[in-house]
Amino acid sequence: MKKLVFIVLCMMNSSVVLASDWNVKTNPISLLIGATNAEVNYAVHDHFTIGLGGLVWSTEILDIEFTASEYHARFDYWFHESFKQGWYIGAQVSKITMDLSTKVSGVKFSGDISSTGYLGQFGYHWQWDHFNIDFGTYAGYYSFDPNIELTDSAGNIEKETVPAFGAVGAEFFIGWAF
């Protein structure tokens, strides 16, 4: 009987440790609009996690065809404990690239652009066994390469300046901790 109690306690303890080490999550709203995205986070300490993630999206909006990709590294501080229900605050650095093409007066233009983004996040994490939900807000700054070169179908190049900009928004993820 003592061996059985010991084995059960060890199993319970190991599942708690495993549940707090890794979390894989996705934004279901992005999936609804055709963007593929995922993020993997690892608990490096009781209150700190690091994560890597990305998004790939190819679509057409207002006669502009584009393919975008975003890859990021994320660092979060958890006020209670990593991957436990409660508040978190984080920082993220993103690299975004986009390939664009459009037609203007029958002439096709194409080009590419890249950006680096710096974001701060604040949110709440709900945890049920392994399943979890994050809901929060972010504020960020995106700096672009100063110019985008658009090349028409005849090979002519037109340069456009792309300004840096700030952004605020909401983040929503569903995840699985293991």
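Leu62 is exposed, with 78% relative accessibility (exposed means over 50% relative accessible area, buried under 20% and partly exposed in between, using a 1.4 Å probe and protein chains only). You'll find Leu62 in the loop between strand E3 (48–61) and strand E4 (64–78). Keep in mind that this is a predicted model, where local features need pLDDT of at least 70, side-chain atom pairs count only at pLDDT 80 or more, and totals for chains, interfaces and linings use all residues. Residues are numbered from 1 along each chain as its sequence is written, and side-chain values use heavy atoms, with hydrogens and water left out.

- Leu62 has a phi near 50°, which is positive even though the residue isn't glycine.
- Asp63 sits in the loop between E3 and E4 too, and its phi, near 65°, is another positive value in a residue other than glycine.
- For background, most residues other than glycine have a negative phi.
- Asp63 counts as exposed because its relative accessibility is 58%.
- Lys103, in strand E5 (residues 86–104), is exposed as well, at 61% relative accessibility.
- Lys103 and Asp63 are 40 residues apart in sequence, yet their C-alpha atoms are 7.3 Å apart in space.
- Leaving out residues up to four places away in sequence, Lys103 touches Asp63 and Lys108 (contact means heavy atoms within 4.5 Å).

**Overall layout**

- The chain has 2 helices and 10 strands; these are DSSP runs numbered from the N terminus, with helices being H or I of at least four residues and strands E of at least two.
- Going along the sequence, the order is α-β-α-β-β-β-β-β-β-β-β-β.
- Of the chain's 178 residues, 34% count as buried.
- Among contacts with a separation of 6 or more, 55% are between residues 24 or more positions apart.

**The largest nonpolar core**

- The largest nonpolar core has 9 residues: Ile96, Phe109, Ile113, Leu119, Tyr142, Phe144, Ile148, Leu150 and Val162.
- A nonpolar core here is a set of buried Ala, Val, Leu, Ile, Met, Phe, Trp, Tyr and Cys residues joined through side-chain atoms within 4.5 Å.
- Strands E6 (107–128), E7 (131–144) and E8 (147–152) are the elements that give two or more residues to this core, and E6 provides the largest share, 3 residues.
- Leu119, one of the core residues, is in contact with Gly90, Ala91, Gln92, Ser94, Tyr138, Ala139, Gly140 and Tyr142, leaving aside neighbours within four places in sequence.
- As a general point, nonpolar side chains tend to be buried together in soluble globular proteins.

**Asn23, a buried polar residue**

- Asn23 lies in strand E1 (residues 22–26) and counts as buried because its relative accessibility is 1%.
- The side chains of Asn23 and Asn132 are joined by a polar contact of 2.8 Å.
- A polar contact is a pair of N or O atoms within 3.5 Å; within protein, one must be able to donate a hydrogen and the other to accept it, and residues adjacent in sequence count only if both atoms are side-chain atoms.
- Beyond neighbours within four places in sequence, the contacts of Asn23 include Glu39, Val40, Asn41, Phe83, His125 and Trp176.

**Aromatic rings**

- There are 13 aromatic pairs in the structure.
- Rings of Phe, Tyr and Trp (its six-membered ring) pair if their centres lie within 6.5 Å; planes under 30 degrees apart count as stacked, over 60 as edge-to-face and the rest as tilted.
- Trp22 and Tyr42 make a tilted pair, at 4.6 Å centre to centre with 50° between the planes.
- This pair links distant parts of the chain, with Trp22 in strand E1 and Tyr42 in strand E2 (residues 36–43), 20 residues apart.
- Trp22 is partly exposed at 36% relative accessible area, and Tyr42 is partly exposed at 31%.
- Trp57 and Phe66 are an edge-to-face pair because their planes are at 85°, with ring centres 5.3 Å apart.
- Trp57 and Phe66 are both buried.
- Phe48, Phe75, Tyr77 and Phe79 form one aromatic cluster.
- Lys25 lies over the face of Phe173, 4.6 Å from the ring centre (a charge sits over a ring if NZ of Lys or CZ of Arg is within 6 Å of the ring centre and within 35 degrees of the ring normal).
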